[in-house]
Amino acid sequence: MRKIHVIGIGAGDPEQLTLQAVRALRSTDVFFILDKGEVKSDLTRLRRDMLDAHLPQGAYRVVEARDPERDRRAGGADYSPAVGDWRSARAGIYERLIAEELGEDETGAFLVWGDPALYDSTLGILEEVLAGDTVSFEYDVVPGISSVSALVARHRTGLNRVARPVQITTGRRLAEGFPQGVDDVVVMLDAHQTFRQYAQEDIDIYWGAYIGTPDEILVSGPIAEAAPRIERVRAEARDRKGWIMDTYLLRRNPGQE
């Protein structure tokens, strides 16, 4: 029976690999990496650097495939179908990689940024592959340090306050309104800087991009003061690298509704 490790590798800092993750790396024969193109080639390089740091040369194989493009123009009612099409395209690639590149008695691995259980599609895609019933395998999951955990650690703050909940959401949902009954909101997958919508409210923001990498950028403070700076450094970083991954925590101060 083929075996697959789904390994959370942290937000970008090679030292965020857990001991469990390193053990899983060392029991892997084939690593599958989806190449996102030249613009994001440094993401592939970071993965390879982690392998080089923990595994002897020649002890494993790396198989790369091109990640399918997702229709990022799709919005509204078209958004979910577009994501579904992209995931299905990925499932086809995963199925081919496992069937053609992994021997019956070998172990493969997918290296997942952050934690595989938080805003990542790998587990759902593997289930889709298994449901297709064309290739069989068993898999396990190694948790990782998410960008959420890394963000608040770098800002030396907590996710929630005493006896208060915290909510993790997306920029798309935040645009619909600040969550009711929650004062601490973590926002991921926000390509449109939705925090600007709340610039006139008594809210603090803790923002970070490329967390854990040499390109890391951190900004925090009252949102009215921090928002213009975030917009500027974010635009500069995106122009310089061609892409950006950022996460932020919004903390509404007491008395705000």
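Predicted model: local features only at pLDDT ≥ 70, side-chain atom pairs only at ≥ 80, totals over all residues.

Colleague: Which residues of helix 3 are buried?

Modeller: An α-helix has 3.6 residues a turn, so residues three or four places apart point the same way. In helix 3, which covers residues 79-101 and reaches 33 Å from its first C-alpha to its last, the buried residues are Ala 82, Trp 86, Arg 90, Ala 91, Ile 93, Tyr 94, Leu 97 and Ile 98.

Colleague: What do the buried residues of helix 3 pack against?

Modeller: They pack against strands 1, 2, 3, 4 and 5, and also against helix 4 (122-132).

Colleague: How many residues does the largest nonpolar core have, and which have the most contacts inside it?

Modeller: Nonpolar side chains tend to be buried together in soluble globular proteins. Here the largest nonpolar core has 42 residues, and those with the most contacts inside it are Ile 7, Ile 205, Trp 207 and Leu 250. Helix 7 gives the largest share of this core, six residues. A second, separate core of 20 residues includes Val 30, Phe 32, Ile 98 and Phe 110, and Ile 98 is also among the buried residues of helix 3.

Colleague: Which residues make the nonpolar surface patch of about 280 Å²?

Modeller: That patch is made by Tyr 119, Ile 168 and Leu 189. Tyr 119 lies in the loop between strand 4 and helix 4, and with a relative accessible area of 40% Tyr 119 is partly exposed.

Conventions. Residues numbered from 1 in each chain as written. Heavy atoms only, no water. Helix = DSSP H or I, 4+ residues; strand = E, 2+ residues; numbered from the N terminus. Expected span 1.5 Å × (residues − 1). Buried < 20%, exposed > 50% of the residue type's maximum accessible area, 1.4 Å probe, protein only. Contact = heavy atoms within 4.5 Å. Core = buried A, V, L, I, M, F, W, Y, C linked by side-chain atoms within 4.5 Å. Patch = residues over 30% accessible without salt bridge, like charges linked within 9 Å, V, L, I, M, F, W, Y side chains within 5 Å. Areas by Shrake-Rupley, 256 points an atom, 1.4 Å probe, with all protein chains shown as cover. Salt bridge = Lys/Arg side-chain N within 4 Å of Asp/Glu carboxyl O.
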